[in-house]
Amino acid sequence: DCFELTALRRYRDGVLAKLPGGKADIARYYVLAPRVLHRLGERERASRLLSVYARFILPSAIAARLGLTTLAYRLYLRMMQELARVAGLSA
């Protein structure tokens, strides 16, 4: 378990799940994420995921760890919107 996963799981379970609509956001992620991966081509996948990691996952994990929960949530929403757009899905 890396820092990012630990911080984001703690945020998901301790903060996001308790927000209005938070459980729906979590459920949407688990539906959308596998579909996004499926739609990304092999050649595009690595570069796209690295970009998502650098722009959204790591900053969100740091924000969550520092207690900047609003920032963590905004980054999460932006990530989901971008991934949905890239994959031709709606978030």
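Predicted model: local features only at pLDDT ≥ 70, side-chain atom pairs only at ≥ 80, totals over all residues.
Residues are numbered from 1 along each chain as its sequence is written, and side-chain values use heavy atoms, leaving out hydrogens and water.

**View 1. The overall fold reads α-α-α-α.** The protein has four helices and zero strands (DSSP runs numbered from the N terminus: H or I of at least four residues for helices, E of at least two for strands). Its C-alpha trace spans about 35 × 25 × 20 Å along the principal axes. Buried residues (under 20% relative accessible area, 1.4 Å probe, protein chains only) make up 29% of the 91 residues.

**View 2. Helix 4 covers residues 69-86.** Its 18 residues reach 26 Å from first C-alpha to last, close to the 26 Å expected at 1.5 Å a residue (1.5 Å times one less than the number of residues). A72, L75, Y76, M79, M80, E82, L83 and A84 are buried here. Their cover includes helix 1, helix 2 (22-39) and helix 3 (42-65), going by contacts, meaning heavy atoms within 4.5 Å. After helix 4 comes G88, with a positive phi near 70°.

**View 3. F3 sits in helix 1 (residues 3-14).** At 38% relative accessibility, F3 counts as partly exposed, the class between buried and exposed, the latter being over 50%.
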